[in-house]
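Please open the model in your viewer and keep a selection panel at hand.

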Amino acid sequence: MSELKFTVEQIVWQEVPGEVSLAFLFSGCPLRCEGCHSADTWKADIGTELTADYLQGRLKRYRGLISCVLFMGGEWQPEALKKRLDEVRAAGLKTCLYTGLERSELESVSDGLIPRLDYVKTGRWHAALGGLDNPASNQRFVNLHTGEVLNRLFIRQVPAAAAGGTAK
Ligand code: SF4
């Protein structure tokens, strides 16, 4: 199976801080995290193939409105994913990958993925640790140009009054 198939496509504002992203959720993740919110996409043969033509059509439709394309999965078809990443960058947009793998694991899946990304979210889902909005999370969101971990941008700040503080 080498096709990149997606089951959901949407515009998102929060998944990549500071960017308006066209996001695709791909099928076929084999990691089987307990409590996965996308367990219905585990089967690899479901969804619509993200072809070059389809992607170009979406990039044309959203030109000037989006700044990034977010790939939620897809690392299991690295050659197809690399082609789509190259096409996104050629259109002048940023790229982000959400993967359940650790960075070292991602590099072993394909050594050409990281250089094609501006941002990456790594780490399996562990319900007890939570996602990026939880300070205890094992997951990391990284700006690959600076190496900066940006998890703090996902953690909702509680207003001082709501937290029991006093207004100045
Ligand atoms: S890595 Fe993500 S999509 Fe894959 S099983 Fe874990 S939570 Fe689900």
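Helices (H or I, at least four residues) and strands (E, at least two) are DSSP runs, numbered from the N terminus. The model is a predicted one, in which local features need pLDDT of at least 70 and side-chain atom pairs count only at pLDDT 80 or more, while totals for chains, interfaces and linings use all residues. Residues are numbered from 1 along each chain as its sequence is written, and side-chain values use heavy atoms, with hydrogens and water left out.

**First stop: S27**

Select S27, in the loop between strand 2 (21-26) and strand 3 (48-49). S27 is buried because its relative accessibility is 4% (buried means under 20% relative accessible area, exposed over 50%, partly exposed in between, with a 1.4 Å probe and protein chains only). Next, display I46: its backbone oxygen lies 2.8 Å from a polar atom of the S27 side chain. Residues up to four places away in sequence aside, S27 touches K5, T7, T41, K43, A44 and I46; contact here means heavy atoms within 4.5 Å.

With a relative accessible area of 45%, R32 is partly exposed.

Now select the ligand. Which residues are around the ligand? They are C29, L31, R32, C33, C36, W42, G100 and W125, each with a heavy atom within 4 Å of it. This shell divides into 6 nonpolar, 1 polar and 1 charged; Ala, Val, Leu, Ile, Met, Phe, Trp, Tyr, Cys and Pro count as nonpolar, Asp, Glu, Lys and Arg as charged, and the others, Gly among them, as polar.

Select S67, in the loop between helix 1 (52-61) and strand 4 (68-72). S67 counts as partly exposed, at 24% relative accessibility. Apart from neighbours within four places in sequence, S67 is in contact with E19, V20, L93 and K94.

**Last stop: R84**

Select R84 in helix 2 (residues 78-90). Is R84 buried or exposed? R84 is buried, with a relative accessible area of 10%. Show E87 as well: a polar contact of 2.6 Å joins its side chain to that of R84 (a polar contact is a pair of N or O atoms within 3.5 Å; within protein, one must be able to donate a hydrogen and the other to accept it, and residues adjacent in sequence count only if both atoms are side-chain atoms). Finally, display L50, whose backbone oxygen lies 3.1 Å from a polar atom of the R84 side chain.
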